[in-house]
Each structure stands twice: as C-alpha cells, then as structure tokens.
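Please look at the sequence and the structure shown here before reading the report that follows. The report takes up one topic at a time.

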Amino acid sequence: MTDAAFGPDLGEVFGPHQRDGGPELIQLLTPEGERVEHPDFAFDLDDEHILGFYRDLVMTRRIDTEATALQRQGELGIWASLLGQEAAQVGSGRAMREQDFAFPTYREHGVAWCRGIDPLHLLGLFRGVDQGGWDPIADGFSLYTIVIGAQTLHATGYAMGMQRDGVVGTGDPERDAAVIAYFGDGATSQGDVNEAFIWASVFNAPVVFFCQNNQWAISEPIERQTRIPLYQRALGFGFPGLRVDGNDVLAVHAVTQAALQRAREGSGPTFVEAYTYRMGAHTTSDDPTKYRVTEELEHWKLKDPIERVKAYLSRSGVADEDYYADVEREAEELAAHLRKGCLELPDPSPLDIFDQVYEEITPELEAQRGQFAEYLSSFDEAHASEAGARS
Amino acid sequence: MTAITLGKGVNMGLRAAMERDPKVIVMGEDVGKLGGVFRITDGLQKDFGEDRVIDTPLSESGILGTAVGLAMRGYRPVCEIQFDGFVYPAYDQIVSQVAKFHFRSRGLVKMPIVIRIPFGGGIGAVEHHSESPEAYFSHTAGLKVVACSNPVDAYWMIQQAIEADDPIVFFEPKRRYWEKAELDESAAPTGLFTSRVVKEGSDLTVLAYGPMVKTALEAAIAAQEEGKSLEVIDLRTLSPLDLEPVFTSVRKTGRLVVVHEAPLSLGLGSELSARISEVCFYSLEAPVLRVTGFDTPYPPSRIEEEYLPDLDRVLDAVDRSLAY
C-alpha cells in the first residue's frame with residue numbers, strides 16, 4: 001500500500017495558501033471595490049440596496065465603536081467587538097426574510113441591527129442589567145448565547161418545528177421560512193455543533209449554518225480547531241458547504257440568500273463559511289498582542305469590508321460626499337442614543353430575580369423572596385430609626 | 001377500573017396528552033418503532049406518526065438542544081433519556097439552556113419540556129444503567145423535578161407534567177415499571193407538586209420517593225408485626241419540595257427516616273434533613289436519619305441488592321431512631 005491510498009496530503013489542502021481563503025472563496029466585490037463575476041452566484045439587487053448595505057455597515061461599526069468606548073469608560077463590564085465582521089453579519093442578516101429566525105452567538109450585533117432591534121438592547125447584557133432586552137420570539141432573533149455552539153441545536157429544533165408547522169417547501173414566498181444559526185470557527189470543535197449538523201442533515205431541516213471563521217478563538221488560531229477548511233466538513237455530514245469572502249457584503253448576501261432559499265424550499269441545510277478576520281480583541285478583556293502578529297492585522301486591514309463598498313459606490317458614481325455625510329450624521333445620532341440610553345438603562349431590583357425563574361413560581365421561591373424582601377427592608381427601618389435617634 | 005403496570009400508566013398518560021394537544025411531541029432514542037427499550041412509548045408512533053414521535057439520532061445533547069428550539073416554536077417536547085446514566089451528555093443543555101431560558105428572557109420564552117428519565121437500580125443492568133441523578137437537577141434553579149412511585153401516579157403525573165409550562169425532569173422508577181395497580185380514570189388526581197401520606201402511623205415517619213416508596217411500605221408492614229407504627233410519605237415532588245405534610249407528620253411522630261437510592265452526601269436527604277430540623281426542631285425526639293446508597297459509584301449488579309437500601313436497612317434505621 002502507498003501513501004496515496006490514504007488520500008491527499010493534508011498539508012496541501014490546509015496550509016499557508018489558505019490565508020486568503022484559497023481558490024474556493026466566493027467573491028463578488030474585491031477589496032479594491034471591483035465587482036467580479038462568479039459562475040454560481042450573483043448579486044442581483046440594484047445599487048439602492050448596496051447604498052443600504054453601506055449604511056448598515058457603517059451603523060454596525062458605529063455601534064461597536066461606541067460600545068467599546070462605553071466599556072472603556074466603565075459603563076459596560078465587557079464588550080465583544082465585531083470589528084471586521086460587519087459584512088458577514090449585514091450580508092447574511094439582510095438575506096433573511098421577516099418570517100425567518102436567527103440564533104446568534106454573543107457577537108451578532110450587525111444581525112441584530114438587521115432584525116430591527118434597538119442596539120441599546122444589546123448593551124444590557126454587557127452592562128449587567130439584563131440578559132438580553134429584546135423579545136426573541138417577536139424579533140425572530142434568539143437571545144445571545146454564550147455557551148459556545150449550544151444555539152446551533154436550538155436552531156435545528158426550531159427549524160424542525162417549522163417543518164411541522166408546514167412553512168417549508170410550500171412555494172409561497174410569504175410563508176416559507178428558514179433558520180440561520182450563527183457560530184464561530186472555535187464552535188466547530190464543540191459536540192453540540194456537530195450534533196446539530198447531524199440532526200439537520202438526517203431530518204433535512206431548513207437551517208443555514210453560518211460560520212464566521214474569524215481565524216481566532218480568543219488566543220487559539222484556526223489551526224487548533226481543524227486540519228481541513230471548515231466548509232469541507234459539511235460534505236461529511238451530508239450537505240453542501242461553501243466558503244464565501246466574509247468581508248464582501250455582496251457575496252455574503254448572495255450566498256446566504258441562496259442557502260436560505262434552498263432551506264425554505266425544503267432542500268435542507270447548508271454550511272456557509274464566511275471567511276473573515278477578527279480585527280479587534282476577543283472581548284475588551286482580551287489582549288491579542290500576546291498571541292498574534294501585527295503583520296497579520298495589517299494584511300486584513302487591506303480587506304476592510306466597508307472601504308471596498310465605499311470604493312465601489314464612489315467609483316461608480318452611485319454615492320457622493322453628501323450621502324456619506326448623511327450616513328455619518330445618522331451614525332453620530334445613533335452613538336448619542338447609545339451613550340445616553342446606556343446610562344439610563346434601569347438596574348434590575350434584587351427582588352426581580354425571583355419572579356421569572358418559572359412560569360409558575362413555586363411556594364418555596366415565594367418564601368425566599370419574602371424573606372429576602374424583609375431582610376432588605378430591615379435596613380430601611382434601621383436607617384429610619386438611626387435617623388430618628390439622631391434628630 | 002383496570003389493573004395497569006407503572007410502565008403502562010406512563011404510556012397511557014402520554015397517549016392522553018398527545019390526544020389532547022397536537023403540540024405535544026415525543027422524542028428520544030428508539031421511542032418510535034420499538035416503543036422504547038422499556039416499551040413506554042409503545043404504539044405511539046403508529047398512532048401519532050413520525051413527526052410527533054421522533055426516533056432521534058443517538059445524541060442526548062441533541063435531544064435536549066433541539067427540544068429548546070421546538071419549545072421556542074410552540075411545541076411541548078417530551079424527551080426520553082434512555083437510562084439515567086446517559087443524561088450527562090445533555091446536562092449542559094438542561095442546566096444552561098432549558099432551565100435558564102425563561103429567566104434570561106424575562107418570561108418571554110417558555111420551556112414546556114418534560115425530560116423523562118428511568119432511574120435507579122435493581123434490574124441487574126450493566127454500569128450507567130442504575131443511577132439516581134435527581135439531586136443534580138433538584139439543585140438547578142429553573143427546573144422542576146418529580147418522581148412517580150406507582151401506576152396511578154405515573155398515569156396522572158406525566159399528563160400534569162406535560163401540561164405545565166415549566167421544564168420538568170420526570171423520574172420513573174425503572175424497577176417498578178412492572179408493578180400493578182388499579183386505575184380509576186374518573187378519579188380526580190392529586191396535584192403534581194404535592195407530597196402525600198401513603199400509610200398512616202404514629203411512632204415514626206418514613207419519607208421516600210420513586211422506587212423506595214414500595215420499600216418503605218414493606219418496612220412499615222414488617223414493623224407493624226413488631227408493634228411499631230410507621231407513617232410513610234411519598235415525596236413525589238423533589239423540586240419544589242412540598243413539606244407541609246412532612247412537618248405535620250413529624251410533629252406527630254417526632255422521628256424521621258429519609259430513604260433514597262442515591263448516594264448519601266448532598267443527596268435529597270441532606271436538604272430534607274436540614275429543612276425538617278429547622279422547622280420541626282422542638283418536635284424531634286431523634287435526629288433525622290438517612291438510609292441511602294453509598295458515596296461510591298453504583299456497584300456491579302451482583303452486589304446491588306447489598307448496596308441498595310432495603311427493608312432491613314430501613315428497619316435498622318427505625319430501630320436506631322426509636323432507641324434515641
């Protein structure tokens with residue numbers, strides 16, 4: 001038996017040349033802002049939509065910048081930055097329809113923006129006043145999930161529910177629905193994610209597994225998670241996998257839209273690997289200078305997801321300086337809204353924690369609440385009697 | 001009135017719940033065509049179809065994780081974990097997701113999920129098939145935990161658990177699956193989260209749940225022959241606890257023995273002992289004693305009869321309590 005009997009050398013399919021995504025990368029807008037053709041995917045919306053994407057990208061980055069600043073000022077305990085991943089999130093988020101449902105990690109601020117959620121609600125979790133201030137069911141956007149990969153199973157179950165509700169493959173575009181599950185490269189090592197792939201595959205569930213491969217899981221590089229390009233794993237689970245330029249909003253939109261449509265039609269799951277880069281730290285508590293080189297960051301700066309859209313819009317004459325100024329003004333207003341709103345987010349009451357543990361509170365918990373309330377109010381009485389004694 | 005086994009009681013209860021509410025779905029390993037390894041879901045897939053009785057991949061985290069998504073979509077999943085010792089791969093989904101979603105979403109997302117777990121030993125099984133993991137779940141805020149001990153309760157409690165809007169871990173005493181009792185379907189059931197005196201007595205209270213209720217009742221009969229009157233209480237609900245019937249009983253008898261198969265340390269007995277000591281301090285004539293499994297892994301089955309609390313070990317504790 002020869003070595004060849006064991007297939008290709010893994011070093012050939014996973015090596016340094018993968019840095020830019022390799023030959024399989026689907027791209028429709030180059031880093032220089034040139035529209036390019038792809039044999040299988042096309043961005044078929046007009047320039048108005050690209051103007052809208054530009055606005056989304058700028059606003060999303062502004063949310064991130066502002067939240068990072070608020071953390072630095074001590075107003076947030078921590079923040080998970082999406083810097084560099086705006087196109088992956090806006091492109092996929094805008095491919096969703098009203099009736100679709102998204103299951104995010106804790107970094108999908110751009111998808112939340114696309115779902116129409118007030119970004120102020122995203123701050124609550126990081127400020128420590130709540131654990132997600134939106135209505136997951138009404139907004140079609142589940143709560144942020146911090147346990148890595150757990151949400152991919154929720155997404156698959158939700159998609160199985162859609163199948164049972166008869167909203168898959170009916171041919172009615174207003175009715176047919178699908179789910180998109182967000183996760184990162186690190187999550188692909190989790191059992192839950194692999195189980196989700198299996199379940200979605202064998203039940204042909206309408207779910208798009210949208211992996212933002214940002215190359216880093218805190219300090220661990222992609223090489224610690226996989227020996228083959230992630231999108232190639234999908235085949236082993238029995239559904240297609242694609243790698244798209246995650247910094248190209250047009251390609252991300254085209255690919256995600258096609259994958260969601262495939263799911264809505266009843267053709268099952270797709271794995272989309274959005275090849276991107278985490279330009280910032282994992283969170284505001286992280287220090288990436290300890291584990292990665294500046295050269296890498298500089299390399300990816302040239303692929304900025306916003307600059308290439310701006311280059312296209314300017315060169316093609318679709319947008320002028322007035323448009324950019326308008327978007328900038330709107331971003332300033334959003335930033336002001338976040339700064340003011342963050343400081344005004346009400347702290348929860350210590351007694352609130354008892355009320356939402358169960359749909360039907362238990363007598364035991366009611367008793368604990370009562371005892372705690374009495375204990376807390378004893379300080380008021382002590383304070384009052386102290387004040388009385390002094391006067 | 002018909003005589004049914006405990007296993008049949010769960011089966012009939014599941015059927016009734018599925019007939020009543022089309023959103024109830026059953027999912028688990030081998031629950032479909034086979035009807036489950038204990039045949040608890042026997043015949044359900046045939047009558048309700050593959051969309052409502054789902055033979056799942058062998059993936060416990062997957063069962064609970066997808067149940068979360070199905071619940072968000074408005075379904076009421078009843079998940080079967082094939083054996084107690086197989087629940088741990090699903091532990092994260094149960095503790096971090098199922099238990100916390102209602103809290104995290106400020107009540108906007110309900111998790112009406114029932115997790116059925118055949119538990120306890122006594123059937124001569126290989127390892128991981130005879131465990132009593134109830135304390136892990138009773139310790140977790142956001143879950144409710146119950147254990148049935150007889151066919152009539154099995155029939156009613158599973159239906160009540162499915163109707164509840166909170167996630168419930170439903171323990172079934174697997175070695176009692178074949179015990180029989182008369183079921184009167186027209187009788188009003190006892191509330192799900194209530195403990196119940198199953199035998200009245202005056203000298204000492206024995207508190208048990210699941211498979212140990214029968215053991216406690218047998219001990220009470222044996223004690224009777226020696227002139228000792230034991231009161232037996234079936235705890236039924238492990239979280240929340242319903243201790244008023246226990247307080248009333250202990251104020252009367254002054255003595256309490258708690259029995260469970262699970263290991264001693266930090267088991268349900270620890271919490272029960274603490275609560276009853278706090279509330280019934282001046283009524284107690286003896287410390288609360290516990291008869292339990294040991295702080296070892298579950299042993300090879302050839303010696304499980306020695307390991308498991310039985311009639312003699314209960315009576316031994318009764319004697320020690322009465323001798324105080």
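## Two packed helices in chain A

In chain A, helix α2 (residues 47-72) packs with helix α12 (residues 305-315) at an angle of about 150 degrees, and their axes lie 10 Å apart; helices here are DSSP runs of H or I with at least four residues, strands are runs of E with at least two, and both are numbered from the N terminus. Axes are lines fitted to C-alpha atoms, for helices over the stretch in contact, and angles run from 0 to 180 degrees between N-to-C directions. The crossing of α2(A) past α12(A) is left-handed, a word used if the near helix is turned anticlockwise from the far one by less than a right angle, while clockwise is right-handed.

Among the residues that meet are Ile50(A), Phe53(A) and Arg61(A) in α2(A), and Val309(A), Lys310(A) and Leu313(A) in α12(A), where a contact requires C-beta atoms, placed from the backbone, to lie within 7 Å. The residues of this contact divide into ten nonpolar, no polar and two charged; Ala, Val, Leu, Ile, Met, Phe, Trp, Tyr, Cys and Pro count as nonpolar, Asp, Glu, Lys and Arg as charged, and the others, Gly among them, as polar.

## How the model is described

This is a predicted model, in which local features need pLDDT of at least 70 and side-chain atom pairs count only at pLDDT 80 or more, whereas totals for chains, interfaces and linings use all residues. Residues are numbered from 1 along each chain as its sequence is written, and chains are lettered from A and ligands numbered from 1 in the order in which they are written.

## Chain A as a whole

Chain A has 14 helices and seven strands. The radius of gyration of chain A is 23 Å, close to the 21 Å that the globule rule gives for 391 residues, so chain A is as compact as a globular protein of that length; this radius is taken over C-alpha atoms, and the rule is 2.2 Å times the number of residues to the power 0.38.

The domain assignment of chain A gives domain 1 (9-344) and domain 2 (350-390), with bounds that come from an automatic or database assignment. The centres of these two domains of chain A, taken over C-alpha atoms, are separated by 43 Å.

## Where the chains touch

The contact takes 33 residues from chain A and 34 residues from chain B. On the side of chain A that touches chain B, the elements giving two or more residues are α6 (136-139), α7 (150-164), α8 (191-202) and α14 (363-390) of chain A, and α7(A) gives the most, with eleven residues. By class, this side of chain A has 16 nonpolar, nine polar and eight charged residues.

## A sheet in chain B

In chain B, an open sheet of five strands has the order β9-β11-β10-β13-β14, with mixed pairing; two strands pair if DSSP finds at least two bridges between them. The edge strands are β9 (196-199) and β14 (289-293) of chain B, each of which pairs on one side only.

Within chain B, strands β10 (residues 204-208) and β13 (residues 256-263) run parallel and are joined by four bridges. Ala208(B) has Val259(B) as its bridge partner in β13(B). Helix α12 (residues 311-322) of chain B packs on the sheet, where α12 touches β10, β11 (230-234), β13 and β14 of chain B.

Terms used:
Two residues are in contact if their C-beta atoms, placed from the backbone, lie within 7 Å.
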